[in-house]
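Me: Can we go through this chain together? I'd like the fold before the details.

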Amino acid sequence: MRARTMASFHRKPIPHTDWCTGDHRCGVNFHQAPDIIADGQLGARAIITRVRAAEVDYAEIRIRVPLRRADSLARRQLDTALHAVRALLAAVAAVRPAPLPGAGDRPAVGRRAF
Ligand SMILES: [Zn+2]
């Protein structure tokens with residue numbers, strides 16, 4: 001009997017995109033764009049990376065925010081961060097494609113029937 005010591009995995013490769021780095025940051029089935037860094041006050045930093053994994057694009061967002069030493073202030077900061085992240089997610093989700101040309105034209109609306 002033949003023993004199998006290693007599993008064989010096969011992942012469907014996804015070709016590089018026109019926006020990914022095309023280097024070691026990409027994998028067999030995922031691709032990522034260069035990081036976009038936004039620095040804030042007091043050492044805060046947000047890093048946004050566009051990623052395609054399993055043919056789905058998403059934004060990977062990592063945010064580092066220094067918190068105050070006083071626990072009550074730190075909790076308020078966390079509460080503020082939570083609300084801001086929820087608002088961010090809602091704002092990003094609300095972005096929709098522009099309507100197709102002519103899709104808003106409805107010549108029959110408002111026309112009088114004879
Ligand atoms: Zn790539």
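Predicted model: local features only at pLDDT ≥ 70, side-chain atom pairs only at ≥ 80, totals over all residues.

Me: What pattern does the chain follow along the sequence?

Reply: The pattern is β-β-β-β-α.

Me: How many bridges join β3 to β4, and in which sense do they run?

Reply: Nine bridges join β3 to strand β4 (residues 56-64), and the two run antiparallel. Strands count as paired if DSSP finds at least two bridges between them. Within this pair, I48 stands opposite I61 in β4.

Me: And the turn there? Which residue takes a positive phi in the hairpin of β3 and β4?

Reply: A54 does, with phi near 55°, and the hairpin has two residues between the strands.

Me: Now β2 and β3. How many bridges there?

Reply: Four, in the antiparallel sense, between β2 (residues 36-39) and β3 (residues 45-53). R45 in β3 is the bridge partner of D39. Their hairpin has five residues between the strands, and L42 takes a positive phi near 55° in it.

Me: Where does β1 go? What does it pair with?

Reply: Strand β1 (residues 30-32) pairs with β3 over three bridges, again in the antiparallel sense. Q32 stands opposite V51 in β3.

Me: Switching to the helix. Is A74 buried or exposed?

Reply: A74, in helix α1 (residues 71-93), is buried because its relative accessible area is 9%. The cut-offs are under 20% relative accessible area for buried, over 50% for exposed and partly exposed in between (1.4 Å probe, protein chains only).

Me: What is A74 in contact with, leaving aside neighbours within four places in sequence?

Reply: L67 and R68, where contact means heavy atoms within 4.5 Å. The C-alpha atoms of A74 and I37 are separated by 24 Å, and these residues are 37 apart along the chain.

Me: What about H83 in the helix?

Reply: H83 is found in α1 and counts as partly exposed, at 46% relative accessibility. Between H83 and R50 there are 23 Å in space, C-alpha to C-alpha, and 33 residues in sequence.

Me: Overall shape, then. What is the radius of gyration?

Reply: The chain has 24 Å, whereas a compact globule of 114 residues would have a value near 13 Å. The radius is taken over C-alpha atoms, and the globule rule is 2.2 Å times the number of residues to the power 0.38. Along its principal axes the C-alpha trace spans about 85 × 60 × 30 Å.

Me: How much of the chain is buried?

Reply: Buried residues are 12% of the 114. As for contacts with a separation of 6 or more, 15% come from residues 24 or more positions apart.

Conventions. Residues numbered from 1 in each chain as written. Heavy atoms only, no water.
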